[in-house]
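Reader: Please take a close look at one part of this model, a pair of packed helices. I would like the geometry and the contacts in one connected account.

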Amino acid sequence: MPRSTDLRVVKTRQTIRSALISLMSEKELADITISELSERAQINRKTFYRHYGAISDVITEFEDELLSDFADILKTSNTSIFEIGSVLREISALISGNQEYFVKLLKLNPELFSSGRVKAMLRRAVEIALRDVCRIADEQTLHALSEFTTSGVLSLYSAWFDTGCTGSLDVITDIANRMTMSGLKGFVEDEKLREMLK
């Protein structure tokens, strides 16, 4: 569903989303009814159905928005010199700004970071960047390196959520950046690696 610019629509959808987050803190998603979601959002059922066909549509819309934001981060980052640090900082900001909802989404879909569209998007961006900066002779090596890098980074974020978001997300982001740079040492010319670490 495309994002609406009508402020009334945006406000109503945010209200529904907030009500859903609140209810998901109290019970399983499968146990939430449209009636109680509408009541919590202080809207009537007709208003809900004007915006969504089912509760799962609220989740899907938010996931789509996150993926769109994630794609924007990757598009606007300077992948030609593989600025993984700036990409990770922007991803960290996106996670921080939506932390409560990420917690709920990961409860519903524990593989959110380990497979699917988030991982595929990040992996494509990593492969593009690696082609620019690495001396890789074959596609198998490129795929293996991008898989290792992407899985490692996303695994760190998943583990942070699994431990109840304890500790600083900035520290996790720094660790992900440093580990990625260290792992690339054998594949990137020293001069380019120094540029990347600036």
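Author: A crossing is left-handed if the near helix is turned anticlockwise from the far one by less than a right angle, and right-handed if clockwise. By that rule, helix 1 and helix 2 cross in the right-handed sense. The model is predicted, so local features need pLDDT of at least 70 and side-chain atom pairs count only at pLDDT 80 or more, while totals for chains, interfaces and linings use all residues. Residues are numbered from 1 along each chain as its sequence is written, and side-chain values use heavy atoms, with hydrogens and water left out.

The chain has 10 helices and zero strands, where helices (H or I, at least four residues) and strands (E, at least two) are DSSP runs numbered from the N terminus.

On the helix 1 side, the contact (heavy atoms within 4.5 Å) is made by Thr15, Ile16, Ala19, Leu20, Ser22 and Leu23. Helix 2 contributes Glu36, Leu37, Arg40 and Ala41. By class, this contact has six nonpolar, two polar and two charged residues. Here Ala, Val, Leu, Ile, Met, Phe, Trp, Tyr, Cys and Pro count as nonpolar, Asp, Glu, Lys and Arg as charged, and the others, Gly among them, as polar.
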